[in-house]
Amino acid sequence: MMIPNLFFPMVAVASLGNLVIGQQPDLEPARIYGLTSRVTVGEQFELKCSMFGLKKVDELVYLYLCKDGVGIVVKATAEDYTFTIRQASFESAGNYSCVFSRVRYNPPDVRRQEYNSVFVTVIDFLHPAVVAVNEPRVRRGSDVEFKCTSEDTPDTGLFHAYLCRNQQIIDVNIWNLNQKQTIFFLRQVQEDDSANYSCVLSEKLLAAKYLELCKNNTVFLEVYEPEPVSQCGENVFRILCSIAVLIVLVVVLTSDRFCRRKGQGDRHPKVSFVMEPQQVMVED
C-alpha cells in the first residue's frame with residue numbers, strides 16, 4: 001500500500017517537531033534572530049536567518065523569510081543572511097521564521113509554520129492622551145495648567161508629550177512613565193489663547209507643527225477681558241477716595257490740637273481763687 005505524497009512531508013517534519021503545510025518536501029528549518037521585538041510605524045527592522053550546522057559549508061541554498069508561516073522573500077546564499085524590512089507598517093506585525101531549500105520556490109508558495117519564530121509588534125509613534133484644564137474660563141493675564149494623562153502607553157521607553165492648540169504643537173515635555181502624566185503651564189494668557197487644546201505622545205521628537213491626531217480629546221479654554229469700569233462709576237470712586245482722605249486729615253489735625261492743648265495745661269501752675277466772706281452792716 002502506497003502512502004500519499006501529502007503525508008510524507010508531515011511524517012518527516014513531525015520527527016523534527018515542525019508542521020509543513022505545502023508540497024515542498026525539501027524545506028528545512030533555519031534559525032532566526034531579531035534585534036528587537038517592537039518597532040514603530042515607518043521604521044525598519046532586521047531579522048537574521050542562520051543555517052550554521054544545518055547544511056554543508058559552501059552549499060548554495062535558497063533561504064526564505066516567512067511571516068505567519070508564508071514565505072515573503074527569498075535569497076540565494078551559502079551563508080547566513082540578514083533580511084531588512086523597510087518602512088514598517090501595522091501589516092508588518094506577526095510571527096517571522098526562516099526556512100531553506102535546495103530548489104527555488106516562489107515565496108508565496110512556501111508555507112511552513114515553525115516553532116522557532118520571532119514575533120514582531122508594530123506600534124504607532126503617536127498616542128493620544130486625555131487633557132484636563134484647571135479652569136476652563138480665565139481672565140486675561142492668568143496662568144493656566146493643563147494635565148495630560150494616559151493609561152495606554154507602554155511602561156518602557158522615553159516618551160515626549162506634546163501640547164496642541166487648534167492642532168498646532170505649542171509645547172513639549174517629558175512623559176512621566178511612573179505617574180503616566182505630564183503637566184503644561186501657560187503663563188499670562190491672552191484673548192488669542194482661547195482655543196481647543198489636546199495632548200499627544202510620541203517616542204521620538206516630532207518636527208511637524210501640525211498634527212491631525214491633535215483634534216481628538218480636546219478641551220476648550222476661554223480667556224475673557226475684565227469688564228471696564230464705567231466713567232460714572234470711576235468718578236464716584238474718586239470722590240469717595242477724596243472724602244476718605246479728608247476725613248483722615250481732619251482726624252489727624254483734631255488729635256494734634258487736642259494733644260497740644262493738653263500739653264500746655266500741664267506746664268502752667270494751677271491758680272486757686274478763694275472768696276473771703278464780707279461783713280455786711282445793717283442799721284437799725
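This briefing covers strand pairing, a salt bridge, a pocket and a surface patch. The model is predicted: local features need pLDDT of at least 70, side-chain atom pairs count only at pLDDT 80 or more, and totals for chains, interfaces and linings use all residues. Residues are numbered from 1 along each chain as its sequence is written, and side-chain values use heavy atoms, without hydrogens and water.

**Strands**
- Strand E3 (residues 38–40) pairs with strand E10 (residues 118–123) in the parallel sense, over three bridges.
- Strands are DSSP runs of E with at least two residues, helices runs of H or I with at least four, numbered from the N terminus; two strands pair if DSSP finds at least two bridges between them.
- Thr40 stands opposite Ile123 in E10.
- Strand E8 (residues 94–101) and E10 run antiparallel, joined by three bridges.
- Asn95 has Phe119 in E10 as its bridge partner.

**Salt bridges**
- The count is nine salt bridges, each a side-chain nitrogen of Lys or Arg within 4 Å of a carboxyl oxygen of Asp or Glu.
- Glu203 forms one with Arg38, with the closest N and O atoms 3.2 Å apart.
- Glu203 lies in the loop between strands E17 (195–202) and E18 (219–224) and Arg38 in strand E3, so the pair ties together parts 165 residues apart in sequence.

**Surface patch**
- Val236, Ile239, Leu240, Ile243, Ile247 and Val251 make a nonpolar surface patch of about 540 Å².
- Patch residues have over 30% relative accessible area and no salt bridge; nonpolar side chains (Val, Leu, Ile, Met, Phe, Trp, Tyr) are joined within 5 Å, like charges within 9 Å.
- Accessible areas come from the Shrake-Rupley method with a 1.4 Å probe; for residues, only the protein chains shown count as cover.
- Ile247 is in helix H2 (residues 231–267).

**Pocket**
- Residues lining the largest pocket include Met51, Phe52 and Asp80.
- On a 1 Å grid over the protein atoms alone, where a 1.4 Å probe fits, a pocket is an open set of points with protein on both sides within 12 Å along at least five of seven lines; lining residues have an atom within 4 Å of a point.
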